[in-house]
Amino acid sequence: MAKKTREKKSPMGGGAGGGGAAKPKHSMSTENRTKGSAHGNSQRSAATVRRLKMYKQRPIRDKKGKILKQELQSKELPSTRIVPDRRWFGNTRVIGQKQLAEFRDEMAEKTADGYQVILKQKKLPLSLLADPEKGRSRRVKLLNQTPFSSVFGAKKTRKKPNLQMDDIMAMAQTAELAGEAYDEGIETGALHDRDLVTADDGVRKAGGDELFQKGQSKRIWGELYKVVDSSDVLIQVLDVRDPLGTRCEHLEKHLKMDAMKRHKHLILLLNKVDLVPAWVTKRWLYALSKEYPTIAFHASVTNPFGKGALLSVLRQFSRLRSDKQNISVGFIGYPNVGKSSVINALRTKRVCVTAPIPGETKVWQYVNLTKRIFLIDCPGVVYHDTEDTDTDAVLKGVVRIEKMDDAADHIPDVVARVKPEYLRRAYRVASWTSPTHFLEQVARNQGKLLKGG
């Protein structure tokens, strides 16, 4: 039996084979939708219908309900339960107290070693390296020792307070022993109390000569801290003739105490090794290398010594700090120890102003060594809170001798400090009875006499 079909008449008055355009079957149909059709501009276009279908797209399933194709993310809830974890609520890594304590101990051991280098410092939580409770060890934590409920309230169990002394006599004896130990330390110089109030006898200390105050201004110290903050590696230049005298232990302590500067690498550079015997340099290298890496150096543009070793160390630092585009190396130290001369020797040309007098460098200066290594020249800084005398300042070379009115007053200390056989060999003087007699013989041998002899 043949299936009967009916022709659908067009609402526009034509059949299926008529010339009029048929309406879409429904609002989501893309058939018979042309832009600017006869039905008006309010009708949806085919692109709009496709976009709306995309919003309501469902996965294609087979007869058994298995998903064959799914374009968009499913809105169904997951069938498994997510394990609760605090890491889902933050973007930081979580570490336990035990692991943190072990991490601090290991890092303290590594950072105390001057030959250890910490890699990827940008990813290292520097705030976790310092124990906040370590500085509060002197504080008495009463609640940790004895709970509040055991001392006060209806269920208290303590009958009397726990004291180190049983009576007032024992407390007085303990205070007396502590006072005697303090007085003995102040007299011997083992203790240094800045807040100690001394009796006023009416005698005032005379103001020091302005010549000996050079290198101690706030501007110079500001330049130093600029160099320290900007440098990844710090090279402290020492005079091999007096390494301990030209070494700034205050700055080394500052680097160890400051958490943000604790991981800056410090290198000791013994400069002017051509002015002392080889055995002196060897012994100082052995003594100072126990604390920090130490390199012997002779600053000369034409014939330097130790240049290859220093460049090798700087290249190693640049390779280890591969997370940075470049590294900065700051040169610090006392005046007239040869910081600018070392930079000139590394560059093999005169890029920094040098002079045989202290205080020639006034401001810090950036010098390009390679594409990844920059050198920073710093003015010489003199730490004032020391027990150095004026003679010590003169012998260190931090004072300009030509500006002194009484330079001869420091000769007796120099003669007393140097062994007589060294003075005889250097100045060809057989013997002398006093420092003045020694100067007279030196002047006669060198022909430096005034009129009349």
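The open sheet is our topic today: six strands in the order β5-β4-β3-β6-β8-β7, with mixed pairing. Strands here are DSSP runs of E with at least two residues, helices are runs of H or I with at least four, and both are numbered from the N terminus; two strands pair if DSSP finds at least two bridges between them. At the edges lie β5, residues 294–296, and β7, residues 365–368, each of which pairs on one side only. Neighbouring strands of the sheet are turned against each other by 25° on average, direction ignored. For such angles, axes are lines fitted to C-alpha atoms, for helices over the stretch in contact, and the values run from 0 to 180 degrees between N-to-C directions.

Please bear in mind that this is a predicted model, in which local features need pLDDT of at least 70 and side-chain atom pairs count only at pLDDT 80 or more, while totals for chains, interfaces and linings use all residues. Residues are numbered from 1 along each chain as its sequence is written, and side-chain values use heavy atoms, with hydrogens and water left out.

Contact means heavy atoms within 4.5 Å.

With a relative accessible area of 6%, S328 is buried; the term means under 20%, exposed means over 50%, and partly exposed lies in between, with a 1.4 Å probe and protein chains only. Leaving aside residues up to four places away in sequence, S328 touches S230, S231, D232, V233, Y366, F374 and I376.

I turn now to helix α6, residues 249–257, whose buried residues are L251, E252 and L255. They lie on the same side of α6 because they cover an arc of only 100° around the axis, the arc being that of the directions from the helix axis to the C-beta atoms. The other side of α6 has E249, K253, K256 and M257 exposed. The cover over the buried residues of α6 includes α5, β3, β4 (265–271) and β6.

Finally, the cysteines. C248 counts as buried at 11% relative accessibility, and C352 is buried at 2%. How many disulfides does a search of the whole structure find? It finds zero, a disulfide being a pair of cysteine sulfur atoms within 2.5 Å.
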